[in-house]
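Subject: Handing over a structure, with notes on what was found

Dear colleague,

Please find the structure below, together with its sequence.

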Amino acid sequence: MGLDFSIVPDYLDIILLGVAWTIGITVASALLSFVGGIFFAVIALYSPWIIRQPFRLIEWVFMGTPLLLQLFLIYFGLVQIGIDLPAFVAGIIGLGLHFAVYNSELIQTAILAVDKGQMEAARTLGLSRGEALRKVVVPQAVNAVIPPIGNNMIALLKDSALVSVIGVSELTLSAQRVIGKTYRPFEFYLVAAAFYYVINLCMEWVQRKIERRIAVSR
Amino acid sequence: MDIELMLKVYPFFLKAAWITILLSVLTAGLGLICGILGASARLSRFSIVRFLGAAYVSVFRGTPALIQLFILYFGGPQIGIQLDAFEAGVIGLGINAGAYMTETIRGGIISIDRGQREAARTLGLSRWQTTYKVILPQAARLLVRPLGVNLNMLIKATALVAAISVIELTYTAQRYIGSTYKPFEMFLLAGVLYMIIIYATGRGVAWLDRKVRIN
């Protein structure tokens with residue numbers, strides 16, 4: 001059986017719907033991973049020991065096990081404790097939490113990397129601890145953290161393909177559905193790969209723009 | 001928590017863990033070969049070879065590893081490549097990991113001071129001698145830690161071959177979740193084994209790093 005790309009346009013609508021889902025899931029998981037990342041970082045840096053420990057365990061488990069396994073746990077685990085979420089919600093929670101842990105590491109490093117003198121100077125000038133954090137330390141940390149978080153978000157796009165395994169009709173599963181009808185795996189997985197690649201290039205382009213803007217603002 | 005069930009099924013998880021380890025070792029070996037070739041291409045004198053190296057990295061890092069596996073395993077037969085699931089897993093993941101390792105190795109090589117190369121060339125060493133006797137021995141020491149990070153990612157990425165039915169840890173967990181409806185217990189079994197593998201690998205990398213470092 002050779003290759004035949006002439007049937008691709010007939011199924012493009014299904015594939016494009018999958019693209020839309022992939023973008024939606026990526027954006028939603030990215031937002032969750034920012035919020036979660038900040039939350040985890042604040043707990044790791046500023047909370048008492050006893051609260052920190054369970055979160056350290058969570059981080060350790062999320063970083064030490066494969067995302068696919070975590071998705072199975074969240075999807076089937078929630079069902080077991082009586083929470084029947086649609087697959088795409090479970091997928092977003094799984095991707096979001098997984099990357100929140102990685103973002104948290106980056107945010108912690110960035111906050112710790114801001115010179116101690118900055119906080120001391122701000123406090124000396126009469127700012128409260130909260131104000132000093134919000135107005136002096138965090139804005140500087142944000143600039144340092146955006147490029148590596150951008151890399152995480154590009155990784156998130158690619159890992160969003162994994163939610164196809166728990167039955168979310170994003171790009172990968174859409175390609176699989178089309179293949180089920182046409183028996184043309186090479187062509188349609190290649191088409192799916194091409195769409196991922198284009199989205200990936202767009203994200204890299206945006207990332208470069210943002211990095212340039214940060215470089216200028218410094 | 002159903003301890004009794006966990007005790008009953010854990011031998012199957014242990015067996016699956018060996019498959020995961022075997023997959024990781026083979027993938028890491030193939031990845032390293034692809035990474036060295038890729039880095040050589042990226043640093044080549046010839047622009048066409050540099051372009052091929054850059055294209056390899058861009059395409060394999062720019063698309064999901066899962067899709068790459070599917071193209072190779074399900075699409076391969078259409079272009080005359082017949083592989084069983086395990087072989088497809090090792091080759092697919094190895095080439096994918098190689099793209100990441102290419103960038104790691106390239107980074108290590110270009111971080112070696114230019115003066116080293118210039119000095120070696122001035123002393124009459126050929127390009128090859130300079131690379132193999134001066135640059136690589138220095139770069140290799142710097143590369144242990146970053147390649148260790150690649151290895152850590154790679155071990156977790158072996159879970160993807162569950163999607164093409166290789167009976168490794170994640171596939172085994174998925175199967176038992178499906179047949180027992182005990183996701184937490186099965187996750188615990190597989191998760192602990194993954195963390196042992198990753199922890200042991202991390203210690204090994206740290207040991208090697210200490211051993212090769214010059215202070």
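A polar contact is a pair of N or O atoms within 3.5 Å; within protein, one of the two must be able to donate a hydrogen and the other to accept it, and residues adjacent in sequence count only if both atoms are side-chain atoms. By that rule the side chain of Arg184(A) makes a polar contact with the side chain of Glu187(A), at 3.1 Å.

Before going further, please keep in mind that this is a predicted model, in which local features need pLDDT of at least 70 and side-chain atom pairs count only at pLDDT 80 or more, while totals for chains, interfaces and linings use all residues. Residues are numbered from 1 along each chain as its sequence is written, chains are lettered from A and ligands numbered from 1 in the order in which they are written, and side-chain values use heavy atoms, with hydrogens and water left out.

Chain A as a whole

Chain A has 8 helices and 0 strands, where helices (H or I, at least four residues) and strands (E, at least two) are DSSP runs numbered from the N terminus. The C-alpha atoms of chain A fill a box of roughly 75 × 45 × 25 Å, taken along the principal axes. Of the 218 residues in chain A, 44% are buried; the word buried means under 20% relative accessible area, exposed means over 50%, and partly exposed lies in between, with a 1.4 Å probe and protein chains only. Chain A exposes about 11,000 Å², and carbon and sulfur atoms supply 68% of that area; accessible areas come from the Shrake-Rupley method with a 1.4 Å probe, and for residues only the protein chains shown count as cover. If you take the contacts (heavy atoms within 4.5 Å) in chain A between residues at least 6 apart in sequence, 77% of them join residues at least 24 apart.

Two residues of chain A

Arg184(A), the residue with the polar contact described above, is found in the loop between H7 and H8 of chain A, and at 15% relative accessibility it counts as buried. Thr182(A) has its place in helix H7 of chain A, and Thr182(A) likewise counts as buried, at 15% relative accessibility. What does Thr182(A) touch, once its neighbours within four places in sequence are left aside? Thr182(A) is then in contact with Ile7(A), Tyr11(A) and Phe188(A). The C-alpha atoms of Thr182(A) and Val8(A) are separated by 9.8 Å, although these residues are 174 residues apart along the chain.

Where the two chains meet

The contact between the chains takes 37 residues from chain A and 35 residues from chain B. The area buried between chain A and chain B, meaning the accessible area (1.4 Å probe) that two parts lose on being put together, summed over both, is about 3,200 Å², of which carbon and sulfur atoms give 77%. On the side of chain A that touches chain B, the elements that give two or more residues are helix H2 (49-64), helix H3 (67-80), helix H7 (171-182) and helix H8 (185-217) of chain A, and H8(A) gives the most, with 10 residues. Across this interface the rule finds 8 residue pairs in polar contact, both residues being at pLDDT 80 or more, but 0 salt bridges.

Side chains of opposite charge can pair when their charged atoms come close. The side chains of Arg145(B) and Asp209(B) meet in one of them, at 2.8 Å from N to O. Arg145(B) lies in helix H6 (residues 127-157) of chain B and Asp209(B) in helix H8 (residues 183-212) of chain B, so the pair ties together parts that are 64 residues apart in sequence. Is Asp209(B) buried or exposed? Asp209(B) is buried, with a relative accessible area of 4%, whereas Arg145(B) is partly exposed at 45%. Asp209(B) also forms a salt bridge with Arg213(B), at 2.5 Å from N to O.

With best wishes

Technical notes: Salt bridge = Lys/Arg side-chain N within 4 Å of Asp/Glu carboxyl O.
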